[in-house]
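Thanks for making time this morning.

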Amino acid sequence: MNVIVMLEHRFLQTPDGAVWTQTMFAHSFWQRYLEVFDRVKVVARIHEVPTPPSNWKRADGEGISFVAVPYYVGPQQYLLRAQQVKRAVRNALTASDAVILRVSSQLASDLYPVLVQTQHPYGVEVVADPYDVFAPCSIKHPLRRFFRWWFPRLLRQICADACAAAYVTEHALQQRYPPAQETFSTHYSSVELPNEAFVPVPRSLGQGMQPLILITVGTMEQLYKALDVLINAVAACVSGGLDLKLVLVGDGKYREELEALAAKLGLGERVCFLGQLTVGDAVRAQLDRADLFVLPSHQEGLPRAMIEAMARGLPCIGSTVGGIPELLPPEDMVPPGDVAALAQKIHEVVTAPERMTRMSARNLEKAKEYAEEVLRQRRIAFYRYVRDQTSEWLTTQKL
């Protein structure tokens, strides 16, 4: 049986038909579905380009094909192409396909009415929380308040009607977007942690390491990751006498604004914008050079970047949103959007080497709960349930 996977991600396609991705969703990611399904058909936005950037990876390949949805960025462009997008999404579905929706997703929302009307079973992989996505300071849009009401409401309906639901969190997203009582439900992260992603032993951090290097990894396409909050907190710490350097891995339309903020605060020599790096060794090399990982996000599902940092034995500070409380203890978290609290927490941690050593050991052990061999069994059970439910439904259609 083939499976359609629909997700809110943008890919590139070159004239030879090859499909490319910058960070997540390379070919190796899709191979996990092939353990249960014969072929994977990915439905997503695809932008045509003459050549791929040098650091992008192939997403298609043996067993993996893509269905292009008309390309758009943001609500305004979507509205201009809405009818074309909906037509492409619905045409991608055939009755014999199993369906998995990675939500929240506008494309999944476009297919949902068709699935309900035909009673076609589908599974959901819940990877993001639209209520937090559209929180104040998280995104700038005149319809933010409406979006924050509408999209969580729609996601609750999609989850309630699914035959199977897999969440990236153990508890957080399940509470806000619960499955129906009879629905098969499980949890697993999308993170890819092969054996080489883990350091063998925790870090031992001594006195006198100057400057201390803080690092964060996240998109600058929106302000979800609260990088402006982090830059302001680092400025407060430096003003208070700490010798810090901040490394930001990621890119997007707000990069220039964030660079201007760092310059305005006198942090030009202390903040390094590395841009987007290829997942794997390039990111791990930067994590290994850092002393503390900080992710003060306004919204999260379960942050893969934090788990990857924990696997490198990095002490971590995060905000109290999404699944972060499932990764970190209360003493290592701060409320989202609170510059003063974040600055105080950074000061507490970096001035206590013994605490950083304990954090390193704890985080490395916690990351092992997300190793590939641990998550694989839950994924396989979810895929099989979706496949079996689809097979049963197809049998009823032939009667």
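At what angle do helix α2 (residues 74-92) and helix α3 (residues 106-118) pack, and how far apart are their axes? Before I answer, please note that this is a predicted model, in which local features need pLDDT of at least 70 and side-chain atom pairs count only at pLDDT 80 or more, whereas totals for chains, interfaces and linings use all residues. Residues are numbered from 1 along each chain as its sequence is written, and side-chain values use heavy atoms, with hydrogens and water left out.

The angle between α2 and α3 is about 55 degrees, with the axes 10 Å apart, where axes are lines fitted to C-alpha atoms, for helices over the stretch in contact, and angles run from 0 to 180 degrees between N-to-C directions. That makes α2 oblique to α3, given that angles under 35 degrees count as roughly parallel, over 145 as roughly antiparallel, 65 to 115 as roughly perpendicular and the rest as oblique. On the α2 side, Tyr78, Val85, Lys86, Val89 and Arg90 meet Gln106, Leu107, Asp110, Leu111 and Val114 of α3, contact meaning heavy atoms within 4.5 Å. By class, this contact has 6 nonpolar, 1 polar and 3 charged residues.

Turning to the other pair of helices, α7 (residues 227-239) and α8 (residues 255-264) pack at about 15 degrees, their axes 10 Å apart, and they are therefore roughly parallel to each other. Leu227, Asp228, Ile231 and Asn232 of α7 make this contact with Leu258, Leu261 and Ala262 of α8, which by class gives 5 nonpolar, 1 polar and 1 charged residues.

Now for the aromatic rings. How many aromatic pairs does a search of the whole structure find? The search finds 22, where rings of Phe, Tyr and Trp (its six-membered ring) pair if their centres lie within 6.5 Å, and planes under 30 degrees apart count as stacked, over 60 as edge-to-face and the rest as tilted. Phe25 and Phe29 have ring centres 4.9 Å apart and planes at 90 degrees, so this pair is edge-to-face, and both residues are buried, that is, under 20% relative accessible area (1.4 Å probe, protein chains only). Phe134 and Phe147, by contrast, form a tilted pair, at 5.3 Å centre to centre and 55 degrees between the planes. Phe134 lies in the loop between α4 (130-133) and α5 (144-161), and Phe147 in helix α5; Phe134 and Phe147 are buried.

Finally, one aromatic cluster has among its members Phe25, Phe29, Trp30 and Tyr188.

How values were computed:
Helices (H or I, at least four residues) and strands (E, at least two) are DSSP runs, numbered from the N terminus. Ala, Val, Leu, Ile, Met, Phe, Trp, Tyr, Cys and Pro count as nonpolar, Asp, Glu, Lys and Arg as charged, and the others, Gly among them, as polar. Buried means under 20% relative accessible area, exposed over 50%, partly exposed in between (1.4 Å probe, protein chains only).
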